[in-house]
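Keep the viewer open and follow the headings in any order you like.

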Amino acid sequence: MPEYQTHEFDVLVVGAGGAGLRAAIEASAAGVKVGVVTKSLLGKAHTVMAEGGMAAAMGNVDDRDNWRVHFADTMRGGQYLNNWRMAELHAKEAPARVHELEAWGAMFDRTRDGRILQRNFGGHRYPRLAHVGDRTGLEMIRTLQDHGVHQGIEFHMECTLLTLLKDGERCVGGFGYDRERGRFRLFHAKAVVLATGGIGRAYQITSNSWEYTGDGLSLAFHAGAALMDMEFVQFHPTGMIWPPSVKGLLVTEGVRGEGGVLRNSEGKRFLFDDIPENYRSSTADNEDEGWRYTQGDKSARRPPELLTRDHVARCIRREVKAGRGSPHGGVFLDISWIKERLPNAAEHIKKKLPSMYHQFKQLADIDITKEPMEIGPTIHYMMGGIRVDADSQMSTVPGLFAAGECGAGLHGANRLGGNSLSDLLVFGKRAGEFAAIYARENSVGRIDMSQVDEAARKALEPFDRGAAGENPFTVQSELQETMQELVGIVRREDEMQRALEAIAELKGRAARAGITGNREYNTGWHTALDLDSLLTVSEIVTLAGLERKESRGGHFRDDYPDKDPKFGEFNIRIDKAPDGRPIVTHVPVQPMPEELRQVIEENK
Ligand SMILES: Cc1cc2nc3c(=O)[nH]c(=O)nc-3n(C[C@H](O)[C@H](O)[C@H](O)COP(=O)(O)OP(=O)(O)OC[C@H]3O[C@@H](n4cnc5c(N)ncnc54)[C@H](O)[C@@H]3O)c2cc1C
């Protein structure tokens, strides 16, 4: 039996983004021994890319805001498939988590009287996003890291977890390898928190970082944990579309929050023609009112550009299909027009949106203070994920917790912008707290070395096949094309069936993947090892998409274009059957307490 470098922890956190760091800080503060593994270097987790801000009803800019409005907005955005308890906890606890971040050193933008400044974002009734220009994720990661490294947390950077280890029903650690040297690592822990982020790299056009291969969801699924809401994948309406090398790169919703408007090739603000009924009363019906809203006029209603992402993305697609798109297949997003209203517009744009200004100037040679941007939808966020208990964040596997984008429940069928960063803080903290309690209450579990040896053997197989095996990069790229074309922003039964066939074929090829070279920083090997997660989550997204025969939130079916009330009564759950295949079941949406029902009514 080979020897593996072994590490022992009370709580092992997988992921060093906002959720993982916040969980690690909380567990460590509870006095247990905490280790963090992360695929990338510390400071490079995907959270660092977050731009617009974190949603918390502090009421600093509009004192009508409070947790009740935030709760109602989140539920309406999620089309009432959200776990209402998570939405309640999130709305109530987000302000305290933001203030805590500030106390740990985060330098938020300020109101004139020195409070944390909050900006408008899609689907939020009032200005709610605490932000640091358009670099909020960077500040969040910097602050959490600074705080975390002084707590004695042990970090294992550039280390990928390949499998979770079980002792009977319970999760007792994980096994992986360090990416730099290619050596195996065994992590023995009383509790494990997954905070691995999303699945965007299963698609071709994505705003997501290379880490987003769905590992946490796949690890949990193979360990026997239930997944939920996997059909709900969010396409952000505004990604760069030109030049080709940056296709998919995000253009923050903050641009629209600051007054940016969407126009088609005829110069028309097409969103005014398509305002969903349930948002009509809270949406401006003329351009002037929309502008006044973005400038803080409390009597004005939001412009239609700030409707929810699912809706805006579909309207853009419709314009392009109808031949009213921009030269490179998107539409125009224009913030430069505000010079008609503001004397110092160029300086204002550079101050409020510095990253966007540089992004377009350097990558596309466009000066956004002078000309419109070309944009189109890009895959952005995974609403679905690991099913968890709302209060403790424990999955259906004892000892296994999940927080952040890899968890499911808070966002239902569609996430509101800004609700992810606050999700990371609220539920990262809770996951860390309850994982520490679990670790205290349970003894060390037993590691079954046959599970470890089997994982190691499987991981090394691609070397045995060498150049004669399938090229892992080709398999990955064909999967991305399949998901983009057949399980994308608009879905159909026949196309998703074709996707399932293609995924089955790609699974066969992935099992024959071969690579050359040695174990030291071998990107071919890393890609070969990522394939299992990518294929697992892609199959599950497709199965869940087939099951939901209606259109709701991020899931739009061309063959079932309407919302069907009977599909609003359950979430789709996926478990691993004894033969290894995913099985799909329905779990009824839990009835909401009367008090919360009233909160929704009073905010309609
Ligand atoms: C460009 C962009 C802008 C955004 N802006 C905003 C915004 O303004 N507001 C907002 O609310 N949301 C925003 N989002 C969404 C938000 O940033 C993410 O949902 C959030 O950061 C996810 O955080 P996380 O902690 O769950 O995961 P991440 O920050 O992605 O961290 C995942 C961690 O898990 C590690 N990991 C993954 N797999 C493994 C493995 N197998 N083994 C070991 N480690 C692993 C990774 O290396 C990483 O450390 C934005 C997203 C993008 C793409």
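## The open sheet

What is the strand order in the open sheet of three strands? The order is β3-β5-β4, and the pairing is antiparallel. Its edge strands are β3 (54-55) and β4 (118-119), each of which pairs on one side only. Strand β5 (residues 129-130) is joined to β4 by two bridges, with L129 of β5 as the bridge partner of R119.

Before we go on, some ground rules. This is a predicted model, in which local features need pLDDT of at least 70 and side-chain atom pairs count only at pLDDT 80 or more, while totals for chains, interfaces and linings use all residues. Residues are numbered from 1 along each chain as its sequence is written. Helices (H or I, at least four residues) and strands (E, at least two) are DSSP runs, numbered from the N terminus, and two strands pair if DSSP finds at least two bridges between them.

## β8 and its two partners

Strand β8 (residues 170-178) is mostly covered, with seven of its nine residues buried. Here a residue is buried if 20 or more other C-beta atoms lie within 10 Å of its own, exposed if 12 or fewer, and partly exposed in between, with C-beta atoms placed from the backbone.

Strand β7 (residues 159-167) pairs with β8 in the antiparallel sense over eight bridges, and K166 stands opposite C171 in β8. The hairpin of β7 and β8 has two residues between the strands, and G168 takes a positive phi near 65° there. With strand β9 (residues 184-194), β8 pairs in the antiparallel sense over five bridges; G173 stands opposite H188 in β9. The β8 and β9 hairpin has five residues between its strands, and G182 in the turn has a positive phi of about 80°.

## Around the ligand

How many residues surround the ligand? There are 44, and the closest are G15, G17, H46, G197 and G404; a residue is near a molecule if its C-beta atom, placed from the backbone, lies within 6 Å of it. Elements that each supply at least two residues of this shell include β7, α1 (18-29) and α12 (419-441). The largest share, four residues, comes from α12.

By class, the shell has 14 nonpolar, 25 polar and five charged residues. Ala, Val, Leu, Ile, Met, Phe, Trp, Tyr, Cys and Pro count as nonpolar, Asp, Glu, Lys and Arg as charged, and the others, Gly among them, as polar.

## α1 against α12

α1 and α12 pack at an angle of about 35°, with their axes 7 Å apart. Axes are lines fitted to C-alpha atoms, for helices over the stretch in contact, and angles run from 0 to 180 degrees between N-to-C directions. Residues making the contact include G18, A19 and R22 of α1 and L421, L424 and L425 of α12; two residues are in contact if their C-beta atoms, placed from the backbone, lie within 7 Å. The residues of this contact divide into 12 nonpolar, three polar and four charged.

## Backbone spots worth a look

A cis peptide bond joins W242 and P243, with omega about 0°. P243 lies in the loop between β11 (233-240) and α6 (254-257).

E158, in the loop between β6 (154-156) and β7, has a positive phi of about 50° although it is not a glycine. E158 is partly exposed because 17 other C-beta atoms lie within 10 Å. D365 also is not a glycine, yet has a positive phi of about 55°. D365 counts as exposed because it has 8 C-beta neighbours inside 10 Å.
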